[in-house]
Amino acid sequence: MPEYPDDSVGLVTPQTAHFDDPLALACGRTLPAYDLVYETYGTLNAERSNAVLICHALSGHHHAAGYHDADERKPGWWDAHIGPGKSIDTNRFFVVSLNNLGGCHGSTGPISLNPATGRQWGPDFPMLTVSDWVHSQARLADRLGIERFAAVIGGSLGGMQALQWSLTYPERVANAVIIAATPKLSAQNIAFNEVARQAIRSDPDFHDGWYAEHATAPRRGLKLARMVGHITYLSEDAMGTKFGRDLRSQDLNFGYDVEFQVESYLRYQGDTFSTAFDANTYLLMTKALDYFDPAAEHGGVLAEAVAPSRCPFLVVSFTSDWRFPPSRSRELANALTRAGKPVSYVNIDSPHGHDAFLLPEPRYQAVFAAFMGRVARELGLEEIA
Amino acid sequence: MMRADLELIHRWVPEGAHILDLACGDGILLEALARDKGVSGYGLEIDPEGITACIAKGVSVLEQNLDEGLVNFEDDTYDLVVMTQALQALRRPDRMLDEMLRVARECIITFPNFAYWRHRVHLGIRGYMPVSKSLPHAWYDTPNIHLSTFNDFEHLCREKGLRITDRAVGIGDHEGHWATRLWPNLFGEIAIFRVERRNRR
């Protein structure tokens, strides 16, 4: 038996839920059947009142905490915040974390087979929106017997899903935690996404998205997309502290090979990502980000768009995040106060840019734990040993 | 047990009011008002520990620096704005007063009375900047950059054409003493004012 830290959920096994009810999507198309792969941590109580839904960001997946096997080097992507005694305390809460539709980690997406053609979906996979994800997540909740989540929680694109949940299914969300997110993308955000998409789509190996049938993949394009994305996840200060102008070797070599450490880092990040992630999924996820704008149906008035919500909100931003800066979280908090909704807004001092939402930071953890502690107390959740 | 000035404010805030509590600290006033009087609203605070304490209590708190004003709140959207023990720490207390009476018709303000007799003894006789229960800091590290007196505040309200609808003094060891009612500027350690603007905007 491998040894795991006391505050780890330990060994976890992903599960798959299959759905045969067709899902009508915002784009007008219908997904006839689909799988959602998910993990759970903790124990669902008899009243089924202690469930928490974790929504993932652009390149995330269901593996949010714990380890898949003894050889796994790193735990799930949000292990800093999920586990016994952590902010999302698995001694109290039953945590559900899934891979969204369109993903490439087991849920139905572009690399799945299209039953109608017998080929991979590839670029034919329908475009998805945050609302589509929320509807599919609600069906997973039905399957698990969860009528109402104690909290729906997410960072970045995950925060947008948490917000959408509070608007689409207000009676099913007792609390919402929205971290490092935005009520809509700015022109600059969309511009960065478009650069990423063009990098992928102009790769000669892209083949209009049918690269799998050519037994190849647009790895150079996906690598570039990730490199651009990665720059927006870090702050200028964090990059400066981590790399500065450090060189890889002693002297300049007056060429285009890696010279600066930051180049080496970005190339490594891009390479790793490009072999582990599907390009069509990346394209879909960036479009879902671009489309998200709940205020659009309300003449651009966010305070009107959030009117249906019925839960307390925790909105968190990070000082050095320039992808979704504090002003965007404040915009959301202001709309919620204007609508008279219970909301707390916290701006955490962190040098780590957008990525700060993934990392442990004492004040972030204290605020998160205080909010979740209040949720547990109000719902009368006992510690489940 | 709440601080004496908070006890008094608790009595003054009407049932079911929608309020802002500026510099709400650990949220004890908003929590009590929500529980006892069905009051709703938000606290504004910049102290991290205060903010966490609010969140733990279920008090809605917004991290916001009061020196940046209340631009994110619209005119006449609250019944009342409360600010306890923060006026003296603001860059422009006069502008904050305008802001408070823009978003609500009425406000309640408390601040340490610099003309309290003990403070006068410190400064007038001993020749040192006052240090007391209500002014616990040394002159070099105090956040209190705009100290004023009972009389000063009344003067500012008169100049702005505001109506003082109620006032009280919070006193340390002289609670209920006849002298504090007669000479609040001398015997009141904490000044508590209830102010409203005269005309509709």
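The notes below are grouped by topic.

This is a predicted model, in which local features need pLDDT of at least 70 and side-chain atom pairs count only at pLDDT 80 or more, while totals for chains, interfaces and linings use all residues. Residues are numbered from 1 along each chain as its sequence is written, chains are lettered from A and ligands numbered from 1 in the order in which they are written, and side-chain values use heavy atoms, with hydrogens and water left out. Over all chains there are 24 salt bridges and 0 disulfides.

**Chain contact**

- Chain A and chain B bury about 1,500 Å² between them, with 50% of it on carbon and sulfur atoms; buried area is the accessible area (1.4 Å probe) that two parts lose on being put together, summed over both.
- On the chain A side, A:Thr337, A:Arg338 and A:Arg363 lose the most area to chain B, and together they make up 32% of what that side buries.
- Chain A gives 20 residues to the contact and chain B gives 18 residues, where contact means heavy atoms within 4.5 Å.
- Between chain A and chain B there are 2 salt bridges, a salt bridge being a side-chain nitrogen of Lys or Arg within 4 Å of a carboxyl oxygen of Asp or Glu.
- A:Arg338 also pairs with B:Glu74 in a salt bridge (3.5 Å, N to O).

**Salt bridges within the chains**

- In chain A, A:Asp271 and A:Lys223 meet in a salt bridge at 3.3 Å, N to O.
- Because A:Asp271 is in helix 6 (residues 261-276) and A:Lys223 in helix 4 (residues 219-233) of chain A, this pair ties together parts that are 48 residues apart in sequence; helices (H or I, at least four residues) and strands (E, at least two) are DSSP runs, numbered from the N terminus.
- A:Asp271 is partly exposed at 38% relative accessible area, where buried means under 20%, exposed over 50% and partly exposed in between (1.4 Å probe, protein chains only).
- A:Lys184, A:Arg328 and A:Glu331 are joined in a network of salt bridges.
- In chain B, the closest N and O atoms of B:Lys160 and B:Asp98 are 2.9 Å apart in a salt bridge.
- That pair links distant parts of the chain, 62 residues apart: B:Lys160 is in the loop between helix 6 and strand 6 (162-170) of chain B, and B:Asp98 is in helix 4 (residues 93-103) of chain B.
- B:Lys160 is partly exposed at 30% relative accessibility, and B:Asp98 is partly exposed at 40%.
- B:Arg163 and B:Glu196 form a salt bridge, with their closest N and O atoms 3.2 Å apart.
- B:Arg163 sits in strand 6 and B:Glu196 in strand 7 (residues 190-197) of chain B, so the pair ties together parts 33 residues apart in sequence.
- B:Arg163 is partly exposed at 33%, whereas B:Glu196 is buried at 16%.

**Cysteines**

- With 0 disulfides over all chains, the cut-off to keep in mind is a pair of cysteine sulfur atoms within 2.5 Å.
- A:Cys55 is in no disulfide, and the nearest cysteine sulfur, that of A:Cys311, is 12 Å away.
- A:Cys55 is buried, with a relative accessible area of 1%.
- The sulfur of B:Cys107 is 7.5 Å from the closest cysteine sulfur, in B:Cys157, which is too far for a bond.
- B:Cys107 is buried, at 0% relative accessibility.

**Surface**

- B:Leu123, B:Met129, B:Trp139, B:Tyr140 and B:Leu147 form a nonpolar surface patch with about 580 Å² of accessible area together.
- Patches are made of residues with over 30% relative accessible area and no salt bridge, like charges being joined within 9 Å and nonpolar side chains (Val, Leu, Ile, Met, Phe, Trp, Tyr) within 5 Å; accessible areas come from the Shrake-Rupley method with a 1.4 Å probe, and for residues only the protein chains shown count as cover.
- B:Tyr140 lies in the loop between helix 5 (117-126) and helix 6 (150-159) of chain B, and B:Tyr140 is exposed at 60% relative accessibility.
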